[in-house]
Amino acid sequence: MEIISLPTIGFASNCFIVHNGKDAFAVDPSISEKKIIKALEERGLTLIGILLTHGHFDHIWRAQELRDETGAKLYVHEFDDEMLTDSSKNAYRTFTGNDFTIEKADVLLRDGDIIALGDEQIKVIHTPGHTRGSVCYDTGDSLITGDTIFAEGFGRYDLYGGDLNALKSSIGKLTEMAKNESRWIFCGHGDSSTLRRATENLKYYF
Ligand SMILES: [Zn+2]
Ligand SMILES: [Zn+2]
């Protein structure tokens, strides 16, 4: 499985393509659907689905256009589905005073769900705290962490659905995972890192 980072600008979160052979998922389609489709076409990839790490507007920004253009199904944790259709819950109104919504997801995820990608699997790890339905996607070699943890730091917990205690225990879960393995993390904002380095940085906070 390979992870490609697409360049983003402005408020947009990081956007990734995860592929195995020709089949690909887009993760957090925050940038123009045309750019995502171009990146897929240039590599001869077929989009089989769109994965969201959580329901904040900066991660779902072009999810509707991308699904309309490609027919790909949208996946989100079941607790964050309500954010897609509600500007207050997805934080757009908090930041801009305006409305932004998309349609409900096609596939609702739970902790431990397995998503097939060619002959490999992506595992869903529920890591609430930044939002109720934040997840990390475990691709085997790497972890896509959304806004749960960053190369340095962790996501805010003061927006709708945020919960510091839940975030602490999610970070505890990731810290435990980091003991046994060295893998890359791809974060919702900023640089990539390793899980071990990122969780070691966090021990000064908790
Ligand atoms: Zn974000
Ligand atoms: Zn967020």
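Predicted model: local features only at pLDDT ≥ 70, side-chain atom pairs only at ≥ 80, totals over all residues.
The largest nonpolar core holds 52 residues. Those with the most contacts inside this core are F16, A26, V27, I50 and Y75. In soluble globular proteins, nonpolar side chains tend to be buried together. Let me take one of these residues in detail. Which residues does A26 touch, leaving aside those up to four places away in sequence? A26 touches C15, I17, I36, L47, I50 and L66.

I turn now to the sheet that includes strands β1 to β6. Six strands make up this open sheet, in the order β1-β2-β3-β4-β5-β6, and the pairing is mixed. The edges are taken by β1, residues 2-6, and by β6; each has a single partner strand, so one side of each is left without a neighbour in the sheet. On average, and with direction ignored, neighbouring strands here are turned by 25 degrees against each other.

Let us go through some of the pairings. β1 and β2, the latter being residues 15-20, run antiparallel and are joined by five bridges. Within this pair, S5 stands opposite F16 of β2, and F16 is among the core residues with the most contacts. Further along, β4, residues 46-51, pairs with β5 in the parallel sense over three bridges. Here I50, another of those core residues, stands opposite L74 in β5. β5 is in turn joined by three bridges to β6, residues 107-109, and these two strands run parallel. The bridge partner of V76 in β6 is L108.

Is β5 mostly covered or mostly uncovered? This strand, residues 73-77, is mostly covered, with four of its five residues buried.

α1 lies across β1, β2, β3 and β4, and runs at about 140 degrees to β1. α3 lies across β3, β4 and β5, at about 150 degrees to β4. Two packed helices are described by the angle between their axes and the distance between the axes. For α1, residues 33-42, and α3, residues 63-70, the angle is about 50 degrees and the axes are 9 Å apart. The contact involves E33, I36 and I37 from α1, together with E65, L66, E69 and T70 from α3. Two of these residues, I36 and L66, are also touched by A26.

β7 pairs with β8, residues 120-126, in the antiparallel sense over four bridges, and I114 stands opposite K123 in β8.

α6, residues 164-180, and α7, residues 195-202, pack at about 130 degrees with their axes 9 Å apart. These two helices are therefore oblique to each other, and α6 passes α7 in a left-handed crossing. α6 contributes I171, L174, T175, M177 and A178 to the contact, while α7 contributes L195, R196, T199 and L202.

Conventions:
Residues numbered from 1 in each chain as written. Chains lettered and ligands numbered in written order. Core = buried A, V, L, I, M, F, W, Y, C linked by C-beta atoms within 7 Å. Buried ≥ 20, exposed ≤ 12 C-beta atoms within 10 Å, placed from the backbone. Contact = placed C-beta atoms within 7 Å. Pairing = 2+ DSSP bridges. Axes fitted to C-alpha atoms, helices over the stretch in contact; angles between N-to-C directions. Parallel < 35°, antiparallel > 145°, perpendicular 65-115°, else oblique. Left-handed = near helix turned anticlockwise from the far one by under 90°.
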